[in-house]
Amino acid sequence: MPGVQDVRSRSGKLETGHFKELAPYDPDWYYTRAAAVARHIYLRKSVGIGALSKLHGGRNRHGNRPSHHADASASMQRKVCQSLEKIGVLELSDNGGRHISQDGQHDLDRIATAVEDEGEDEDEEPKE
């Protein structure tokens with residue numbers, strides 16, 4: 001997404017949650033997370049940082065003790081939302097969460113249509 005600032009340059013080792021042992025392998029993980037957050041908020045009316053942290057959380061392993069769910073880093077979710085706000089995709093809601101702006105909804109609809117058209121073109125290739 002053009003205009004989305006990356007936070008990877010701020011530190012050498014950056015984990016997305018306290019339960020993670022390693023940093024993400026994908027160099028474009030921040031943009032993937034930003035797209036996932038934008039889609040999640042697009043499908044709902046309003047979403048807060050805590051809900052996003054819970055969504056992107058995972059299994060916290062305790063060795064031979066039972067595993068339990070752990071939330072992802074709220075700081076990372078906040079940075080992603082702030083980046084999306086900066087480019088005009090998200091806005092602050094009255095209830096304290098965030099929702100999709102009209103321009104953001106238009107942009108996401110346009111991108112989804114382009115991706116769908118591209119997928120249809122690949123399906124229509126002649127079979128030999």
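How many residues does helix 3 have, and how far does helix 3 reach from its first C-alpha to its last? Helix 3, residues 74-86, has 13 residues and reaches 18 Å, close to the 18 Å expected at 1.5 Å a residue; the expected span is 1.5 Å times one less than the number of residues.

## Ground rules

This is a predicted model, in which local features need pLDDT of at least 70 and side-chain atom pairs count only at pLDDT 80 or more, while totals for chains, interfaces and linings use all residues. Residues are numbered from 1 along each chain as its sequence is written, and side-chain values use heavy atoms, with hydrogens and water left out.

## The chain as a whole

Welcome to the overall layout. The chain holds four helices and four strands, arranged along the sequence as α-α-β-β-α-β-β-α. These elements are DSSP runs numbered from the N terminus (helices: H or I, at least four residues; strands: E, at least two).

Of the 128 residues in the chain, 30% are buried, where buried means under 20% relative accessible area, exposed means over 50% and partly exposed lies in between (1.4 Å probe, protein chains only). Among contacts with a separation of 6 or more, 52% join residues 24 or more positions apart; a contact means heavy atoms within 4.5 Å.

## Helix 3 and its buried side

Let us return to helix 3. Its buried residues are M76, Q77, V80, C81, S83 and L84. They cover an arc of only 160 degrees around the axis, so they sit on the same side of helix 3; the arc is that of the directions from the helix axis to the C-beta atoms.

What do these buried residues pack against? Their partners are helix 1 (29-42), helix 2 (49-55), strand 3 (90-92) and strand 4. Just after helix 3, G88 takes a positive phi of about 90 degrees.

Helix 1 has 14 residues and spans 20 Å from its first C-alpha to its last, close to the 20 Å expected at 1.5 Å a residue. Its buried residues are W29, Y30, R33, A34, V37, A38, H40 and I41.

Two packed helices are described by the angle between their axes and the distance between the axes. Helix 1 and helix 3 pack at an angle of about 75 degrees with their axes 10 Å apart; axes are lines fitted to C-alpha atoms, for helices over the stretch in contact, and angles run from 0 to 180 degrees between N-to-C directions. The two helices are therefore roughly perpendicular to each other (under 35 degrees is roughly parallel, over 145 roughly antiparallel, 65 to 115 roughly perpendicular and the rest oblique). On the helix 1 side, W29, Y30, R33, A34, V37 and A38 meet M76, Q77, K79, V80, C81, S83 and L84 of helix 3.

A search of the whole structure finds two aromatic pairs. Rings of Phe, Tyr and Trp (its six-membered ring) pair if their centres lie within 6.5 Å, with planes under 30 degrees apart stacked, over 60 edge-to-face and the rest tilted. W29 and Y30 make an edge-to-face pair, 5.7 Å centre to centre with 85 degrees between the planes. Y30 and Y31 have ring centres 6.3 Å apart and planes at 85 degrees, so this pair is edge-to-face.

W29 is buried at 10% relative accessible area and Y30 is buried at 0%, whereas Y31 is partly exposed at 27%.

## A buried loop serine

Is S101 buried or exposed? S101 counts as buried because its relative accessibility is 4%. It lies in the loop between strand 4 (98-100) and helix 4 (102-123). Leaving aside residues up to four places away in sequence, S101 touches G88, V89, L90 and E91.
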